[in-house]
Amino acid sequence: LQAYALATRLRMMGHDAEIIDYQPHYMQGISLSQSSPRYDRYGLGWAYVLAKLPSRLKTMKRERVFDDFLCNYLPVTTAHYDNIDQLRQMPPEADVYIAGSDQIWNTTFPNGTDPAYYLDFGSKKTRRISYAASFAITSISNNKREWVKEHLHNFDAISVRESSAITLLHDLGHEGTQVVDPVFLLDEKQWLAMTDETAVDEDFVLIYDFLNSPDIANVAKRISRLYGCKIYSIGPWPLDYANRNFRYSGPRTF
C-alpha cells in the first residue's frame, strides 16, 4: 500500500513512476519442496517437507492474493532484479531514484545493509532521494554505523518517517526532513475506490497482529466491550477471540 500510494501520487503530479522489481533472496518466499539441512542430514528431508506442507499451502494461498494486487495495481518495471550486482549491470533508466519506505534502513535485517536500498547503482547523473524512509530503530550498532553513514552520501535529499530517524541521521552527520507515511498522500475516496469488499453495517475493531500478542488481544477485547463492537482480524492466522478472520484477504480488503 505504501508503494502503491507513492507511485500513484507521483503519477497524479504528472511524473512517469515505476517501482523497481527488486526481490533479493532474503525477501523471497519458501517453496513447497524446500527442506531443512538438519533433517536432510539424517535422510528425513521428505518427512520435514510433508510435515510443513499444510502450513506452506496456506501461506501460498495468502501470498497469491498479494501477488494479484502487485500485478494489477503496482506499476512494476519489466526488468526483474535478484541482487545488487544485477541492478548495477543493467540499472533502470530514470531521472530520479526514490528509496522508501517501511524499515528499509533497519540494520537488524539484511535489507538495512543492502546497497540497493541506498540506491548504490545507476548513473551518477540520476538524482537520488528517499521518501519516508524508516530505520525503525533508535541506534545503529558500531560495526554498521560507518557503512550506513557512507552509503547515505548517495542521496541528494533525505526524508524519513519517524522523528527518531531525524535524530539518528544527525548522529550520523546527515540532514533529513520528517514527512508523512506514503499512504496519507492519497485521500479517502481514492482508497475506497479500490476496495473489494462491500460496506460493513456494523462497528468493529480491526486487528493486524502478526506476533499473536496478548497485549493486543487484551486491548482489542477491552475496546470491543466498551463500545459494543465486533473484532475483525486481518492477520496471517486466525485469532480465537475475533468475530471474523480475514486470513486470506489482501491489501484491497484492508
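Within the chain, 70% of the contacts with a separation of 6 or more are between residues 24 or more positions apart. The model is a predicted one. The chain contains 8 helices and 9 strands. It has 254 residues, of which 35% count as buried.

**Helix H8**

Helix H8 covers residues 214–227. Its 14 residues, at 1.5 Å a residue, should span 20 Å, and the end C-alpha atoms are 20 Å apart, so the two values agree. The buried residues of H8 are Ala 217, Ala 220 and Ser 224. Seen down the helix axis, these buried residues fall within an arc of 70 degrees, so they line one face of H8. The cover over them includes strands E7 (204–207) and E8. Pro 214, Asp 215, Arg 225 and Leu 226 are exposed on the other side of H8.

Both ends of the helix have a feature to note. Just after H8 comes Gly 228, which takes a positive phi of about 65 degrees.

**Ile 231 in strand E8**

Strand E8 consists of residues 230–233, and Ile 231 is placed in it. Is Ile 231 buried or exposed? Its relative accessible area is 3%, so Ile 231 is buried. Leaving out residues up to four places away in sequence, Ile 231 touches Val 205, Ile 207, Ala 220, Lys 221, Ser 224, Tyr 241, Ala 242, Asn 243 and Arg 244. Ala 220 and Ser 224, among these, are also buried residues of H8. Ile 231 and Lys 221 are 10 residues apart in sequence, and their C-alpha atoms are 7.7 Å apart in space.

**Salt bridges**

Side chains of opposite charge can pair when their charged atoms come close. The count of salt bridges in this model is 6. Three of them are listed here.

| Asp 171 | Arg 145 | 2.8 Å |

The salt bridge of Asp 171 with Arg 145 has its closest N and O atoms 2.8 Å apart. This pair links distant parts of the chain, with Asp 171 in helix H6 (residues 163–171) and Arg 145 in helix H5 (residues 142–151), 26 residues apart. Arg 145 is partly exposed, at a relative accessible area of 22%.

Asp 181 lies in the loop between strand E6 (177–178) and helix H7 (188–192), and Arg 161 in the loop between strand E5 (159–160) and H6, so the pair ties together parts 20 residues apart in sequence. Asp 181 counts as buried at 12% relative accessibility, whereas Arg 161 is partly exposed at 22%.

Salt bridges with shared partners join Asp 102, Arg 161, Glu 162 and Asp 181 into one network.

Definitions and conventions:
Residues are numbered from 1 along each chain as its sequence is written. This is a predicted model: local features need pLDDT of at least 70, side-chain atom pairs count only at pLDDT 80 or more; totals for chains, interfaces and linings use all residues. Side-chain values use heavy atoms; hydrogens and water are left out. Helices (H or I, at least four residues) and strands (E, at least two) are DSSP runs, numbered from the N terminus. Buried means under 20% relative accessible area, exposed over 50%, partly exposed in between (1.4 Å probe, protein chains only). Contact means heavy atoms within 4.5 Å. The expected span of a helix is 1.5 Å times one less than its number of residues. The arc is that of the directions from the helix axis to the C-beta atoms. A salt bridge is a side-chain nitrogen of Lys or Arg within 4 Å of a carboxyl oxygen of Asp or Glu.
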